[in-house]
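Please look over the structure shown below before reading on.

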Amino acid sequence: ENESSLYSELNNGKNVIISKILSDKLGKKTNDTIDIQFPDKTVTYNIIETFDISYNSGRYALISSKNIEEDASVGGFYSKLYLKTDKPIDEMKEKIE
């Protein structure tokens with residue numbers, strides 16, 4: 001499955017992409033479910049894919065901005081935003097600012 005269809009699938013229900021390290025730690029794999037604890041509630045998400053990453057001990061889960069706003073009640077505020085691009089960093093920085 002290609003990246004763009006995976007990211008689109010994140011918006012299609014309560015779906016999550018988790019790191020392989022997290023997958024191993026939880027004993028979960030693609031098509032399993034996990035419960036994610038938010039400040040006010042716990043929500044069950046479907047694991048649609050796993051990915052390799054070692055940054056921050058590899059403990060990552062990706063959900064859509066729509067779901068984070070609904071489930072975490074953050075109202076569009078994010079503490080971190082990661083952007084993957086094949087464009088030069090300066091060019092992207094200029095477009096974002």
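What percentage of the 97 residues in the protein chain is made up of buried residues?

## The chain as a whole

Buried residues account for 27% of the 97 residues in the protein chain. The model is a predicted one, and its protein chain has a mean pLDDT of 81, with 75% of the residues scoring at least 70. Confidence in the protein chain is highest in β3, at 94, whereas it is lowest in helix α4 (residues 89-96), where the mean is 67.

When contacts between residues at least 6 apart in sequence are considered, 60% of them in the protein chain join residues at least 24 apart.

## Helices, strands and the sheet

The protein chain contains 4 helices and 4 strands, and along the sequence these follow the pattern α-β-α-β-β-β-α-α. The 4 strands form an open sheet with mixed pairing, in which the order is β2-β3-β1-β4. At its edges are β2 (33-37) and β4 (61-62), each of which pairs on one side only.

Within this sheet, strand β1 (residues 15-19) and β3 run parallel and are joined by 5 bridges.

## Thr 50 in strand β3

Strand β3 covers residues 42-51, and Thr 50 is found in it. Is Thr 50 buried or exposed? Its relative accessibility is 16%, and because buried means under 20%, Thr 50 counts as buried.

Which residues does Thr 50 contact, once its neighbours within four places in sequence are left aside? They are Ile 17, Ile 18, Lys 20, Ser 23 and Thr 30.

## The aromatic pair

How many aromatic pairs does a search of the whole structure find? The search finds 1, and this pair is formed by Phe 38 and Tyr 45. A pair of aromatic rings is described by the distance of the centres and the angle of the planes. For Phe 38 and Tyr 45, the distance is 6.4 Å centre to centre and the angle between the planes is 50°, an arrangement that is tilted. Phe 38 and Tyr 45 are both buried.

Notes:
Residues are numbered from 1 along each chain as its sequence is written. This is a predicted model: local features need pLDDT of at least 70, side-chain atom pairs count only at pLDDT 80 or more; totals for chains, interfaces and linings use all residues. Side-chain values use heavy atoms; hydrogens and water are left out. Helices (H or I, at least four residues) and strands (E, at least two) are DSSP runs, numbered from the N terminus. Buried means under 20% relative accessible area, exposed over 50%, partly exposed in between (1.4 Å probe, protein chains only). Contact means heavy atoms within 4.5 Å. Rings of Phe, Tyr and Trp (its six-membered ring) pair if their centres lie within 6.5 Å; planes under 30 degrees apart count as stacked, over 60 as edge-to-face and the rest as tilted. pLDDT is the predictor's confidence in each residue, from 0 to 100. Two strands pair if DSSP finds at least two bridges between them.
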